[in-house]
Amino acid sequence: MDYKSIPKIELHAHLNGSLSNKNILELHQLKYQGSDQGVNADAYKVQKELPDLTQCFAKFKYAHDLTDAPERLGRACENVIRDFQEDNVVYLELRTTPRATEYMSRETYLITVCEAIRKCEKTCPGILVKLIPSIDRSKGVQVAEENVQLTRKIREKYPDLIVGIDLSGNPENTVFRDFRKALQAARDCGLKLALHCAETAGSVSENLEMLEFGMDRMGHGTFMDESLETWKMLLEKRIPVECC
């Protein structure tokens, strides 16, 4: 069967986690002009041995280095959308965390991504793209609340693009309850919630708390079956589970 020809929907695509090797090399060239400085593109690639969660998050640093300015961020976004269209994805929800860098504010970051999606409406007419800004748990509660406020602001300019809020990032040394206020604010303004949950073993109590808080979709849910109670609640609430 020719799987590539089958129309698809992609609901869990992290922008900086969707860069192809070709895209990485192009961005590296744009930033470093062929020098040996900066990112070693090979370090970003998935090797034969699967990395643990900490190593997985470390790989995102390489992508972040290459998308730290509006020009390269916009190019990366356009390339990712084009790659998904070439794989015959007809509907894509792209997610990314607004980041402040030396070259742009978090607001500029989010606007740049929205404008790239707008541009692709003409250059990639075969795919419909929506945006889910992310809250990175590792960046703390204040940044989370600021990113929700920013999302609400930018959504006024792009009401047809932004459809939800994602909670993701390295869960180590964080607790879900700290992010409830920010997530509730997003929910109150009509945004859907996609929450990464049960990504690590031994998180049953937090998984229950997240399920009781509620979500529209769950990211991964890898260890959801550690507890029969959480498994039953997931089924009863009929929460779809995404994988990236």
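Me: Which residues does Asn 147 contact, leaving aside its neighbours within four places in sequence?
Reply: This is a predicted model, where local features need pLDDT of at least 70, side-chain atom pairs count only at pLDDT 80 or more, and totals for chains, interfaces and linings use all residues. Residues are numbered from 1 along each chain as its sequence is written, and side-chain values use heavy atoms, with hydrogens and water left out. Contact means heavy atoms within 4.5 Å. On that basis Asn 147 touches Thr 97, Pro 98, Arg 106 and Ser 134.

Me: Is Asn 147 buried or exposed?
Reply: Asn 147 lies in helix α6; helices (H or I, at least four residues) and strands (E, at least two) are DSSP runs, numbered from the N terminus. Buried means under 20% relative accessible area, exposed over 50%, partly exposed in between (1.4 Å probe, protein chains only). Asn 147 has 3% relative accessibility, so it counts as buried.

Me: How far apart are the C-alpha atoms of Asn 147 and Ile 135?
Reply: Along the chain, Asn 147 and Ile 135 are 12 residues apart.

Me: What is the distance between the end C-alpha atoms of helix α6?
Reply: The expected span of a helix is 1.5 Å times one less than its number of residues. Helix α6 covers residues 141-157, so its 17 residues should span 24 Å. The model agrees, with the end C-alpha atoms at 25 Å.

Me: Which elements do the buried residues of α6 pack against?
Reply: An α-helix has 3.6 residues a turn, so residues three or four places apart point the same way. In α6 the buried residues are Ala 144, Asn 147, Val 148, Leu 150, Thr 151 and Ile 154. Their packing partners are α5 (106-123), β3 (128-136), β4 (164-168) and α7 (180-188).

Me: Which residues does Thr 112 touch, not counting those up to four places away in sequence?
Reply: Thr 112 is found in helix α5. Its relative accessible area is 14%, so Thr 112 is buried. Its contacts are Pro 70, Leu 73 and Gly 74.

Me: What stands opposite Thr 96 in β3?
Reply: β3 is mostly covered, with 8 of its 9 residues buried. Two strands pair if DSSP finds at least two bridges between them. Strand β2 (residues 89-96) and β3 have 6 bridges, in the parallel sense. Opposite Thr 96 stands Pro 133.

Me: What is the handedness of the crossover from β2 to β3?
Reply: The chain crosses from β2 through α5 to β3. A crossover is right-handed if, with the strands pointing away from the viewer, the path from the first strand over the helix to the second runs clockwise. This β-α-β crossover is right-handed.

Me: What stands opposite Asp 136 in β4?
Reply: β3 and β4 pair in the parallel sense over 3 bridges. With α6, these strands make a right-handed β-α-β unit. The residue opposite Asp 136 is Ser 168.

Me: How many aromatic pairs does the count give?
Reply: Rings of Phe, Tyr and Trp (its six-membered ring) pair if their centres lie within 6.5 Å; planes under 30 degrees apart count as stacked, over 60 as edge-to-face and the rest as tilted. By that rule the count is 1.

Me: What is the geometry of the pair formed by Phe 176 and Phe 213?
Reply: A pair of aromatic rings is described by the distance of the centres and the angle of the planes. For Phe 176 and Phe 213 the centres are 5.6 Å apart and the planes make 70°, which is edge-to-face.

Me: Where in the chain are Phe 176 and Phe 213?
Reply: Phe 176 has a relative accessible area of 0% and is buried. Phe 213, at 10%, also counts as buried. They are 37 residues apart: Phe 176 in the loop between β4 and α7, Phe 213 in helix α8 (residues 204-213).

Me: Which residue has its charged end over the ring of Phe 213?
Reply: A charge sits over a ring if NZ of Lys or CZ of Arg is within 6 Å of the ring centre and within 35 degrees of the ring normal. Here the charged end is 4.4 Å from the centre, and it belongs to Arg 187.
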